[in-house]
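Please read this briefing with the model open beside you, and look up each part as it is named.

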Amino acid sequence: MPRKSRLHTPRPHSRPGDEPDFSYLETSPAGAVRRPDVNARVRDISHLSIDLVRVLDDAHQAVGPWHPHLDPHDLQVGLRHMVLTRIFDERMQRAQRSGKISFYMRSLGEEAVSVAQCMALRPGDMLFPSYRNQGLYMVRGKPLVDLMCQLLSNTRDMCKGRQLPVMYHWTAGRIFSISGNLTTQFPQAVGWAMAAAIKGEDDIAVSWIGEGSSAEADFHHAMLFASVYQAPVILNVVNNQWAISTFQGFAGGEQRSFAARGPGYGMAGIRVDGNDFLAVYAVTQWAAERARTGAGPTLIEHVTYRGAAHSTSDDPSRYRPKDDYEKWPLGDPVDRLKGYLIALGEWSEERHAALVKELEQHVTESWKEAVQYGALNEGPRLNRDLMFDDVFKEMPEHLRIQREQLRAERGG
Amino acid sequence: MPQMNMIQALNSAMDIMLGRDPNVVILGEDVGFFGGVFRVTDGLQRKYGEHRVLDTPIAEGAIVGAAIGMGVNGLRPVAEVQFADYIYPACDQIFSELARLRYRSAGEFWAPVTVRTPCGGGIRGGQTHSQSPEAIFTHVCGIKVVMPCNPYDAKGLLISSIEDDDPVVFFEPKRLYNGPFDGDPNKPAVPWSTHPKGEVPDGYYTVPIGKAEIVRKGAQLTIVTYGTMVYVCEAAARSLGLDAEIIDVRTMVPLDVDTICTSVKKTGRCLIAHEATRFSGFGAELSATIQEQCFWNLEAPIQRVAGWDTPYPHAFEWEYFPGPARVITGLKAVMEMP
């Protein structure tokens with residue numbers, strides 16, 4: 001019988017009610033992946049896009065050539081940022097549930113990606129985040145009150161009430177405005193990096209998308225430009241396994257790693273354990289040096305897990321097992337860094353409990369301050385005239401007229 | 001008669017067409033196993049299988065491009081773009097390809113693709129989940145543009161769209177999914193079960209593309225509108241005690257000029273309302289057409305009521321939305337009321 005063509009439908013390994021099954025996940029033992037020179041030729045380092053760079057092993061030891069040998073103090077700072085990110089997310093989720101904010105997106109389980117990467121970069125490097133990169137603002141020191149005011153769309157909202165919650169920006173912190181449309185920031189980051197190279201500056205650009213967003217054409221445009229111009233950029237695909245209800249197989253992750261698209265476009269690709277703070281730090285440091293020294297761009301795939309729902313509008317119990325996250329083979333990024341610090345003798349359960357308490361209090365106090373500046377539906381509100389500003393640098397006549405019409409409509 | 005909300009009515013239309021025509025396929029992000037983020041395709045993959053209802057990667061350009069290829073190869077695809085705000089990556093495929101394929105091949109190649117997409121604000125969606133880009137599509141020659149405003153029309157028009165051999169972009173005002181909305185966000189939500197157009201036959205029927213509907217007969221003026229604004233205009237006219245003839249355009253391309261202009265010639269006054277931004281909005285086309293055909297019957301300048309010419313701001317949703325106050329201002333102007 002001749003074989004017939006067929007249409008393949010990717011299917012996740014487990015659905016609601018099933019036992020979580022991560023047998024599809026290919027990993028490497030901690031310490032097993034070779035670390036090449038930062039200026040190695042792409043054709044000589046294709047193993048990096050197939051294997052999984054890991055540093056922390058199951059016994060809380062840091063092993064192998066990617067071990068970044070960070071000072072314990074830096075590790076404690078990293079842990080602090082991750083714990084703060086998680087507490088912030090939990091509180092803001094509750095604020096959404098209580099109706100204070102209209103929408104929220106947690107980064108549960110992915111904290112190491114933003115925190116370790118941002119710590120491995122320089123303050124002058126320009127960040128083009130997605131909507132699940134809260135940790136970047138923690139590392140760069142954005143006051144929580146500022147983030148909360150954006151979430152509340154209140155009188156101190158940096159976006160002047162124009163954006164959905166989570167779509168922050170921070171010029172001074174060199175963090176670009178989040179779009180809300182997927183992957184648009186990827187080619188923009190490449191262009192920013194090209195400009196840095198044109199101007200002879202050694203700041204690099206870094207951008208993040210989810211693996212689902214790698215399906216958008218903008219991903220491919222960005223990869224091509226980054227490779228053609230060897231732009232000083234790090235492009236990150238955060239493979240958290242889920243794009244709302246569709247698992248990573250629908251973005252093309254079934255047949256080949258996302259990192260392998262790097263060599264496919266002629267650039268370095270690294271697949272890293274995204275829940276391993278040390279490994280994420282080390283590969284970012286490697287890629288940043290590579291970019292900064294003219295050796296070209298890198299695509300990093302962070303293998304991690306979206307522990308929470310896509311957003312407060314999503315219900316993952318409809319499409320994946322409830323305990324999927326607990327069974328994720330690469331563990332929890334906070335627990336793993338904490339375990340490592342304890343094994344080093346540089347941390348303890350008591351200190352951790354004290355840290356959690358301190359940061360919870362910090363979040364609570366910040367929230368108390370933020371709501372004083374108003375909320376979407378109560379307290380002081382932004383001046384509605386602001387909605388006509390910034391459409392253009394100078395307001396054209398037709399918008400002036402409309403602003404007057406709105407004033408009349410709303411009683412002056 | 002069964003009661004349906006707009007989600008159930010749209011679902012029923014696709015269910016019927018999947019059942020009647022083995023060439024009908026549905027594709028889009030989250031539409032299969034999950035049933036769509038608004039549940040419009042709920043249960044269809046379970047019933048018809050993974051080769052009839054396909055989850056896709058997040059790639060709107062590829063969704064429409066692949067739908068064109070499927071259409072050329074004999075299928076009748078219904079593509080979902082999750083929000084109208086996300087349709088722009090697909091625009092090259094829609095504008096340059098889907099719209100012109102029949103023309104450029106002298107009628108030899110064509111793709112009967114329906115692109116469904118939820119539009120409009122009123123759900124706290126901010127600037128990326130609230131847009132009404134219908135006018136952009138009406139400016140492209142070769143695609144039909146449809147926007148129903150109730151469950152009965154939604155089902156009948158979607159079946160017509162799927163059966164149509166020309167491409168259709170089908171806008172679904174998401175604020176109307178669960179009930180009519182008169183523009184006052186502080187009132188309790190009204191379900192479709194309280195509205196006559198929430199009565200939807202279980203079986204096959206069509207509502208023709210290219211036919212407007214007179215929602216309310218009246219003598220004093222004609223209100224030409226569509227989507228969510230149908231209900232806002234009804235409420236505003238009622239609050240002023242006006243005997244308005246209200247026309248739901250339903251299909252922007254091809255436009256039912258006859259129904260609209262017959263009414264305006266009768267009443268002599270016209271207000272046009274849509275949620276989309278005013279400048280180069282579809283109201284401009286309506287206004288120009290009505291002026292050309294009804295100039296000698298008009299007793300006052302045609303008024304346009306629309307969203308402001310800004311992006312849709314999250315915090316100022318109801319200041320942006322052309323609610324009853326803005327419609328009343330327009331009605332007073334066209335009626336020359338103090």
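How many residues does α3(B) have, and how far does it reach from its first C-alpha to its last? Helix α3(B) has 13 residues and reaches 18 Å between those two atoms, close to the 18 Å expected at 1.5 Å a residue, where the expected span is 1.5 Å times one less than the number of residues. This is a predicted model, in which local features need pLDDT of at least 70 and side-chain atom pairs count only at pLDDT 80 or more, while totals for chains, interfaces and linings use all residues. Residues are numbered from 1 along each chain as its sequence is written, and chains are lettered from A and ligands numbered from 1 in the order in which they are written. Helices (H or I, at least four residues) and strands (E, at least two) are DSSP runs, numbered from the N terminus.

**Helix α3 of chain B**

- The buried residues of α3(B) are B:Glu60, B:Ile63, B:Val64, B:Ala67, B:Ile68, B:Met70 and B:Gly71; a residue is buried if 20 or more other C-beta atoms lie within 10 Å of its own, exposed if 12 or fewer, and partly exposed in between, with C-beta atoms placed from the backbone.
- Seen down the axis of α3(B), these buried residues fall within an arc of 165 degrees, so they line one face of the helix; the arc is that of the directions from the helix axis to the C-beta atoms.
- The cover over the buried residues of α3(B) includes β1, β3, α4 (91–98) and β4 of chain B.
- After α3(B) comes B:Gly74, whose phi is positive, near 100 degrees.

**The sheet of chain B**

- Seven strands of chain B form an open sheet in the order β2-β1-β3-β4-β6-β5-β10, with mixed pairing; two strands pair if DSSP finds at least two bridges between them.
- At the edges stand β2 (53–55) and β10 (251–253) of chain B, each with a single partner strand, so one side of each is left without a neighbour in the sheet.
- From one strand to the next the twist averages 20 degrees; axes are lines fitted to C-alpha atoms, for helices over the stretch in contact, and angles run from 0 to 180 degrees between N-to-C directions.
- Within this sheet, strand β4 (residues 114–119) and strand β6 (residues 168–173) of chain B pair in the parallel sense over six bridges, and B:Arg116 stands opposite B:Phe170 in β6(B).
- Helix α1 (residues 6–20) of chain B packs on the sheet, where it touches β1 (24–28), β3 (76–80) and β6 of chain B, and its direction makes about 135 degrees with that of β1(B).
- Helix α3 (residues 60–72) of chain B lies across β1, β3 and β4 of chain B and runs at about 170 degrees to β3(B).

**The sheet of chain A**

- In chain A, five strands form an open sheet in the order β1-β2-β3-β7-β6, with parallel pairing, and its edge strands, β1 (126–128) and β6 (268–273) of chain A, each pair on one side only.
- β6(A) and strand β7 (residues 298–303) of chain A pair in the parallel sense over six bridges; A:Ala268 stands opposite A:Thr298 in β7(A), and A:Gly269 stands opposite A:Leu299.
- Six of the six residues of β6(A) are buried, so this strand is largely enclosed by the rest of the structure.
- In a regular strand the side chains alternate between the two faces of the sheet.
- In β6(A), A:Ala268, A:Ile270 and A:Val272 point one way, and A:Gly269, A:Arg271 and A:Asp273 point the other way.
- Helix α8 (residues 277–292) of chain A lies across β3 (233–239), β6 and β7 of chain A, running at about 165 degrees to β6(A).

**Backbone details in the loops**

- The peptide bond from B:Val253 to B:Pro254 is cis, with omega near -5 degrees, and B:Pro254 is found in the loop between β10 and α9 (257–267) of chain B.
- A:Ser153 has a positive phi of about 50 degrees although it is not a glycine, and A:Ser153 is buried, with 29 other C-beta atoms within 10 Å.
- B:Asp30, in the loop between β1 and α2 (44–48) of chain B, has a phi near 65 degrees, a positive value in a residue other than glycine.

**Where the chains touch**

- The contact takes 38 residues from chain A and 32 residues from chain B, with two residues in contact if their C-beta atoms, placed from the backbone, lie within 7 Å.
- Helix α11 (residues 397–409) of chain A gives the most to the side of chain A that touches chain B, with five residues.
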